[in-house]
Amino acid sequence: MKRITRQFTNPTALVISAVAFFITIAFAMANPSRAVSADPAQKTPAKVSKVDRTEARIKDLQAKLKITPAQEELWNKVTQVMRDNAKTMEALHQARVEKTKTMTTVEDLKSYSEITQAHADGLKNFIPVFEALYASMSDDQKKDADTLFRFGGHHRKAKGRSK
(Lines give C-alpha, C1' and ligand atoms only; values in the text may rest on other atoms or scores of the structure.)
Protein backbone atom coordinates (compact mmCIF):
# COMPACT_ATOMS: atom_id res chain seq x y z
CA MET A 1 0.00 0.00 0.00
CA LYS A 2 1.39 3.37 -1.00
CA ARG A 3 1.45 6.01 1.73
CA ILE A 4 0.31 9.52 0.87
CA THR A 5 2.91 11.99 2.09
CA ARG A 6 0.80 15.14 1.65
CA GLN A 7 -2.50 15.11 3.47
CA PHE A 8 -3.75 18.25 1.70
CA THR A 9 -3.07 18.17 -2.01
CA ASN A 10 -5.45 20.99 -2.77
CA PRO A 11 -4.30 24.38 -1.39
CA THR A 12 -7.93 25.45 -1.03
CA ALA A 13 -8.62 22.55 1.31
CA LEU A 14 -5.62 23.55 3.41
CA VAL A 15 -6.83 27.16 3.64
CA ILE A 16 -10.38 26.09 4.52
CA SER A 17 -9.08 23.75 7.20
CA ALA A 18 -6.85 26.43 8.68
CA VAL A 19 -9.65 29.02 8.68
CA ALA A 20 -12.05 26.54 10.29
CA PHE A 21 -9.46 25.75 12.95
CA PHE A 22 -8.80 29.40 13.80
CA ILE A 23 -12.50 30.27 13.83
CA THR A 24 -13.10 27.38 16.21
CA ILE A 25 -10.33 28.61 18.51
CA ALA A 26 -11.55 32.21 18.34
CA PHE A 27 -15.11 31.11 18.98
CA ALA A 28 -14.07 29.05 21.97
CA MET A 29 -12.20 32.00 23.45
CA ALA A 30 -14.76 34.65 22.49
CA ASN A 31 -17.47 33.76 24.96
CA PRO A 32 -16.03 33.29 28.44
CA SER A 33 -19.48 34.04 29.91
CA ARG A 34 -20.48 30.50 28.93
CA ALA A 35 -17.82 29.00 31.15
CA VAL A 36 -19.11 27.37 34.31
CA SER A 37 -18.26 29.36 37.39
CA ALA A 38 -17.43 27.70 40.69
CA ASP A 39 -19.53 30.33 42.46
CA PRO A 40 -22.58 31.44 40.45
CA ALA A 41 -23.37 34.15 43.01
CA GLN A 42 -19.94 35.70 42.56
CA LYS A 43 -20.22 39.19 41.13
CA THR A 44 -17.81 40.30 38.46
CA PRO A 45 -16.44 43.83 38.67
CA ALA A 46 -18.33 46.41 36.67
CA LYS A 47 -17.07 46.52 33.13
CA VAL A 48 -16.49 49.71 31.22
CA SER A 49 -18.69 49.94 28.14
CA LYS A 50 -17.22 49.98 24.66
CA VAL A 51 -18.60 53.50 24.24
CA ASP A 52 -16.84 54.72 27.40
CA ARG A 53 -13.57 53.05 26.37
CA THR A 54 -13.88 54.70 22.96
CA GLU A 55 -14.36 58.12 24.52
CA ALA A 56 -11.24 57.59 26.62
CA ARG A 57 -9.36 56.38 23.53
CA ILE A 58 -10.46 59.47 21.56
CA LYS A 59 -9.12 61.80 24.26
CA ASP A 60 -5.88 59.83 24.48
CA LEU A 61 -5.34 59.82 20.72
CA GLN A 62 -6.14 63.51 20.35
CA ALA A 63 -3.48 64.36 22.91
CA LYS A 64 -0.88 61.92 21.57
CA LEU A 65 -1.43 62.85 17.92
CA LYS A 66 -1.35 66.56 18.77
CA ILE A 67 -4.37 67.37 16.61
CA THR A 68 -4.15 70.98 15.45
CA PRO A 69 -7.05 73.41 15.04
CA ALA A 70 -6.65 73.07 11.26
CA GLN A 71 -7.19 69.30 11.60
CA GLU A 72 -10.25 69.53 13.87
CA GLU A 73 -12.80 68.99 11.08
CA LEU A 74 -11.02 65.85 9.88
CA TRP A 75 -10.53 64.69 13.47
CA ASN A 76 -14.26 65.13 14.19
CA LYS A 77 -15.06 62.82 11.26
CA VAL A 78 -12.65 60.21 12.65
CA THR A 79 -14.17 60.43 16.13
CA GLN A 80 -17.72 60.18 14.78
CA VAL A 81 -16.87 56.92 13.02
CA MET A 82 -15.17 55.65 16.19
CA ARG A 83 -18.28 56.48 18.23
CA ASP A 84 -20.64 54.93 15.68
CA ASN A 85 -18.54 51.77 15.58
CA ALA A 86 -18.48 51.55 19.38
CA LYS A 87 -22.27 51.94 19.59
CA THR A 88 -22.78 49.22 16.98
CA MET A 89 -20.41 46.84 18.74
CA GLU A 90 -21.94 47.60 22.14
CA ALA A 91 -25.45 46.84 20.86
CA LEU A 92 -24.37 43.57 19.22
CA HIS A 93 -22.43 42.51 22.29
CA GLN A 94 -25.33 43.34 24.60
CA ALA A 95 -27.77 41.38 22.42
CA ARG A 96 -25.39 38.43 22.50
CA VAL A 97 -25.03 38.57 26.28
CA GLU A 98 -28.79 38.77 26.79
CA LYS A 99 -29.36 35.66 24.67
CA THR A 100 -26.34 33.66 25.84
CA LYS A 101 -28.26 31.21 28.01
CA THR A 102 -30.92 30.45 25.43
CA MET A 103 -28.96 30.47 22.16
CA THR A 104 -28.33 27.30 20.28
CA THR A 105 -24.83 26.68 18.98
CA VAL A 106 -25.91 27.78 15.50
CA GLU A 107 -27.44 31.00 16.86
CA ASP A 108 -24.27 31.59 18.86
CA LEU A 109 -22.12 31.18 15.76
CA LYS A 110 -24.38 33.56 13.82
CA SER A 111 -24.17 36.12 16.61
CA TYR A 112 -20.38 35.86 16.62
CA SER A 113 -20.42 36.23 12.84
CA GLU A 114 -22.49 39.42 13.12
CA ILE A 115 -20.01 40.89 15.58
CA THR A 116 -17.07 39.94 13.38
CA GLN A 117 -18.76 41.42 10.30
CA ALA A 118 -19.59 44.64 12.18
CA HIS A 119 -15.94 44.91 13.21
CA ALA A 120 -14.81 44.54 9.59
CA ASP A 121 -17.43 47.04 8.41
CA GLY A 122 -16.33 49.47 11.11
CA LEU A 123 -12.75 49.29 9.90
CA LYS A 124 -13.91 49.89 6.33
CA ASN A 125 -15.68 53.04 7.55
CA PHE A 126 -12.73 54.13 9.68
CA ILE A 127 -9.95 53.80 7.12
CA PRO A 128 -11.05 56.51 4.64
CA VAL A 129 -11.67 59.16 7.31
CA PHE A 130 -8.45 58.35 9.12
CA GLU A 131 -6.57 58.31 5.82
CA ALA A 132 -7.75 61.87 5.14
CA LEU A 133 -6.60 62.96 8.60
CA TYR A 134 -3.30 61.14 8.19
CA ALA A 135 -2.67 62.93 4.89
CA SER A 136 -3.02 66.27 6.71
CA MET A 137 -0.54 65.36 9.44
CA SER A 138 2.99 66.61 9.84
CA ASP A 139 5.82 64.09 9.61
CA ASP A 140 6.08 64.01 13.41
CA GLN A 141 2.35 63.38 13.77
CA LYS A 142 2.54 60.59 11.19
CA LYS A 143 5.40 59.01 13.08
CA ASP A 144 3.35 59.14 16.30
CA ALA A 145 0.31 57.68 14.50
CA ASP A 146 2.41 54.90 13.02
CA THR A 147 3.63 54.00 16.51
CA LEU A 148 0.19 54.24 18.11
CA PHE A 149 -1.57 52.16 15.46
CA ARG A 150 1.16 49.64 14.80
CA PHE A 151 -0.27 46.12 15.00
CA GLY A 152 -0.39 45.02 18.58
CA GLY A 153 0.74 48.35 19.98
CA HIS A 154 -2.33 49.99 21.46
CA HIS A 155 -4.33 46.75 21.75
CA ARG A 156 -1.76 45.09 24.00
CA LYS A 157 -1.27 48.15 26.15
CA ALA A 158 -5.02 48.58 26.51
CA LYS A 159 -5.29 45.03 27.86
CA GLY A 160 -2.44 45.58 30.30
CA ARG A 161 0.08 43.43 28.47
CA SER A 162 3.48 44.53 27.33
CA LYS A 163 5.19 43.74 24.07
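**Questions on the model**

Biologist: What relative accessible area does Lys-64 have?
Modeller: Buried means under 20% relative accessible area, exposed over 50%, and partly exposed in between (1.4 Å probe, protein chains only). Lys-64 is partly exposed, because its relative accessible area is 39%.

Biologist: At what pLDDT do side-chain atom pairs count?
Modeller: Residues are numbered from 1 along each chain as its sequence is written, and side-chain values use heavy atoms, leaving out hydrogens and water. This is a predicted model, in which totals for chains, interfaces and linings use all residues, local features need pLDDT of at least 70, and side-chain atom pairs count only at pLDDT 80 or more.

Biologist: What is the mean pLDDT of the protein chain?
Modeller: pLDDT is the predictor's confidence in each residue, from 0 to 100. In the protein chain, 64% of residues reach 70 or more. The mean is 76.

Biologist: How many contacts beyond four places in sequence does the model have for residues 154-163?
Modeller: Contact means heavy atoms within 4.5 Å. Over residues 11-22 pLDDT stays under 50, and the model has three such contacts beyond four places in sequence. Over residues 154-163 pLDDT also stays under 50. There the number of contacts beyond four places in sequence is six.

Biologist: Which residue forms a salt bridge with Lys-64?
Modeller: A salt bridge is a side-chain nitrogen of Lys or Arg within 4 Å of a carboxyl oxygen of Asp or Glu. The closest N and O atoms are 3.3 Å apart. The partner is Asp-60.

Biologist: Which residues are linked with Arg-57 in a network of salt bridges?
Modeller: Asp-60 counts as partly exposed, because its relative accessibility is 27%. Arg-57 is linked in the network with Asp-60 and Lys-64.

Biologist: How many residues apart are Glu-55 and Arg-83?
Modeller: Their side chains meet in a salt bridge, 2.6 Å from N to O. The pair links distant parts of the chain, with Glu-55 in helix α2 (residues 50-65) and Arg-83 in helix α3 (residues 72-99). Glu-55 is partly exposed at 26%, and so is Arg-83 at 27%. Their separation in the chain is 28 residues.

Biologist: Where does the salt-bridge partner of Lys-66 lie?
Modeller: The side chains of Lys-66 and Asp-144 meet in a salt bridge of 3.2 Å, N to O. This pair also links distant parts of the chain, 78 residues apart. Lys-66 sits in the loop between α2 and α3, and Asp-144 in helix α5.

Biologist: What phi does Lys-66 have?
Modeller: Lys-66 counts as exposed, because its relative accessibility is 52%. Lys-66 is not a glycine, although its phi is positive, at about 55°.

Biologist: How far apart are the axes of α4 and α5?
Modeller: Axes are lines fitted to C-alpha atoms, for helices over the stretch in contact, with angles from 0 to 180 degrees between N-to-C directions. Helix α4 (residues 105-136) and helix α5 (residues 139-149) pack at about 150°. Their axes are apart by 10 Å.

Biologist: Which residues of α5 does α4 meet?
Modeller: From α4 come Phe-126, Phe-130, Tyr-134 and Ala-135. In α5 they meet Lys-142, Ala-145, Asp-146 and Phe-149.

Notes. Helices (H or I, at least four residues) and strands (E, at least two) are DSSP runs, numbered from the N terminus.
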